[in-house]
Amino acid sequence: MVYFKYGKAFHDLRIQHGFSLSAFEELGIAKSTLSNFENGKSMLSFDRLDFALQKMNVSPLDYSLMINNGEQDNYISIFDEIEHAYYQRNINQLQYIYEINKEGSNEQKLIAFSARGLYRRLTIEELNEIEFYLRGVQFWGFFELSILANIGDKLDNSIINNIIEDLRYDKAYYENNLYYRVLIYRFFIK
């Protein structure tokens, strides 16, 4: 039942939007598979979940908010703080975000580097960590795109080219999501 909250949130959205279990069969999601997911017995693959959410006109961010009882994921709030500090040219706030995150988890370190790269040159080690992480990205979500929007211009050109190809490949998906589109535009502008 480890997946219960994911399935419960999906179930609530499905009912709210008036979809039956069989409405998703055209996407290749059997009624039994969806039922197992909603009951917390199994997980849907990301692409199937994404297609099902699109069918209901629900963004991954809205789904995430439902899973977290209306709370943004912590990193979304932090990236909002980074963006706000950057546009206000508040270097002290960017330094603070860097300092409190640099010794944390891998995600926290990437957040720290993302903040630091906006006011100071990153070290080779920091760039290597970011590039190593970004090379392994299969799906460009809010977290990855936020890093890219902040410091993508500091990456090696071959990595930038690979990222651009990834984004072009899934162009339709990113075009339909305002949050993602804004982050990609910020990356391209830099």
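A salt bridge here is a side-chain nitrogen of Lys or Arg within 4 Å of a carboxyl oxygen of Asp or Glu. The model is a predicted one, in which local features need pLDDT of at least 70, side-chain atom pairs count only at pLDDT 80 or more, and totals for chains, interfaces and linings use all residues. Residues are numbered from 1 along each chain as its sequence is written, and side-chain values use heavy atoms, with hydrogens and water left out.

**Salt bridges**

The structure holds eight salt bridges; the table gives some of them.

| Pair | Closest N to O distance |
|---|---|
| Arg14 and Glu38 | 2.6 Å |
| Glu126 and Arg116 | 2.8 Å |

Let's take Arg14 and Glu38, which form a salt bridge. Their pairing links distant parts of the chain, with Arg14 in helix α1 and Glu38 in helix α2, 24 residues apart. (Helices are DSSP runs of H or I with at least four residues, numbered from the N terminus.) Arg14 has a relative accessible area of 6%, so it is buried, and Glu38 is buried at 8%. Buried means under 20% relative accessible area, exposed over 50%, and partly exposed in between, with a 1.4 Å probe and protein chains only.

Glu126 and Arg116 are both buried too. By contrast, Lys154 is partly exposed at 30%, and Asp153 is partly exposed at 36%.

**Helix α1**

Gly7, Ala9, Phe10, Leu13 and Arg14 are its buried residues. They lie on the same side of α1 because they cover an arc of only 160° around the axis, judged by the directions from the helix axis to the C-beta atoms. Their cover includes α2 (31-38), α3 (46-55) and α4 (60-67). Just after α1, Gly18 takes a positive phi of about 75°.

**Elsewhere in the chain**

Ser146 lies in helix α9 (residues 142-151) and is buried at 3% relative accessibility. Leaving aside residues up to four places away in sequence, Ser146 touches Phe79, Ser114 and Leu183, where contact means heavy atoms within 4.5 Å.

Glu103 sits in the loop between α6 (91-101) and α7 (106-116), and at 68% relative accessibility it counts as exposed.

Methods:
Helix = DSSP H or I, 4+ residues; strand = E, 2+ residues; numbered from the N terminus.
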